[in-house]
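Look at the sequence and the fold together before reading on. The paragraphs below go from the whole chain down to single residues.

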Amino acid sequence: MILAIDMGNTNIVIGCIDDERIYFEERLSTDRVKTALEYAIGFKTVLELHDIRAEEIRGAIISSVVPQLTNVIKMAVEKIVGKTPLVVGPGLKTGLNLHMDNPKQVGSDLIVDAVAASHEYGAPVIIVDMGTATTLSVVDKNGVYQGGAILAGLRLSMEALSSRTSQLFNVGLEMPPHAIGKNTADCLKSGIVMGNAACVDGMIDRMEDELGYRCKVVATGGLAHVVIPECRHEIVIDDNLLLKGLKLIYDKNREKAE
């Protein structure tokens, strides 16, 4: 099996996966002041909770959107498994052609999502990833990554509203009883949850209009289960999309890792 880690701005997704199954997927908080040793202790604890020994892990791969922590996480992984992990970025084969103005600016998490979605569900496909930011990525019918869109995530939007407006406050990210709220809390829930669902639906429509054909749509990320059920498009939720993508990229670069 391999250890797969995706470092996001808010959470770190960590899991073990092989050709047969995903053994686990867990989330740890991203902390920019933690040392490599502190992260290593956290990763080791997760492995022990799932009864996985370091010697069972033949390799590791990391994707990261927090550049200042990438080397810290690399050192943490080396401490617990004794192997240098691959890092998604320039120099690694992904099998994905990027039709972008500057391909190096594309987030590694978006590339990993696109690789997994294309493999699992086929192209054309639109991938919705709901985390700190909500991203939509488009892979066209020829399997080419065409770009996408980035908007503020649910928690980020809620924090902005509660911190910048004197009479609004944080509420739980859950479905209100109606789209037309009857109190401030339900109005906020409607705007954040149903508003994001409407935004996702609208962006899918616009992207398909630009392409000129319909696409499969796959969603992932910690908040997908809150919003996607309220969307009007048929959207598959795949919680393990990132781990699947990391495994696919690892396999394409196995000779560099083992």
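This is a predicted model: local features need pLDDT of at least 70, side-chain atom pairs count only at pLDDT 80 or more; totals for chains, interfaces and linings use all residues.

The protein chain contains 8 helices and 11 strands. Its radius of gyration is 19 Å, close to the 18 Å given by the globule rule for 258 residues, so the chain is as compact as a globular protein of that length. Taken along the principal axes, the C-alpha atoms fill a box of roughly 55 × 40 × 35 Å.

Contacts tell how the chain folds back on itself. Among those between residues at least 6 apart in sequence, 57% join residues at least 24 apart. Of the 258 residues, 46% are buried. The chain exposes about 12700 Å², and carbon and sulfur atoms supply 50% of that area. As for charge, there are 26 positive and 34 negative side chains, and the centres of these two sets lie 3 Å apart.

Which residues touch the most other members of the largest nonpolar core? They are Ile61, Ile127, Tyr145 and Ile249, in a core of 29 residues. Several elements each supply at least two residues of this core: the strands β1 (2–7), β2 (11–17) and β7 (125–130), and the helices α3 (108–121) and α7 (241–252). Apart from this core lies another, of 26 residues, among them Met1, Ala36, Ala40 and Val46.

Now consider a glycine. Gly148 belongs to strand β9 (residues 144–152). Is Gly148 buried or exposed? Its relative accessible area is 54%, and exposed means over 50%, so Gly148 counts as exposed. Gly148 still touches Leu136, Ser137 and Met207, not counting residues up to four places away in sequence. Gly148 and Gly245 are 97 residues apart in sequence, and their C-alpha atoms are 18 Å apart in space.

Two details of the backbone remain. Most residues other than glycine have a negative phi, and most peptide bonds are trans. Asp51 is not glycine, yet its phi is positive, near 55°. Asp51 sits in the loop between α1 (36–49) and β4 (59–64), and is exposed, with a relative accessible area of 66%. The other detail is a cis peptide bond, with omega about 5°, that joins Ala123 and Pro124.

How values were computed:
Residues are numbered from 1 along each chain as its sequence is written. Side-chain values use heavy atoms; hydrogens and water are left out. Helices (H or I, at least four residues) and strands (E, at least two) are DSSP runs, numbered from the N terminus. The radius of gyration is taken over C-alpha atoms; the globule rule is 2.2 Å times the number of residues to the power 0.38. Buried means under 20% relative accessible area, exposed over 50%, partly exposed in between (1.4 Å probe, protein chains only). Contact means heavy atoms within 4.5 Å. Accessible areas come from the Shrake-Rupley method with a 1.4 Å probe; for residues, only the protein chains shown count as cover. Lys and Arg count as positive and Asp and Glu as negative; His and the chain ends are not counted. The place of a charge is taken as NZ of Lys, CZ of Arg, CG of Asp or CD of Glu. A nonpolar core is a set of buried Ala, Val, Leu, Ile, Met, Phe, Trp, Tyr and Cys residues joined through side-chain atoms within 4.5 Å.
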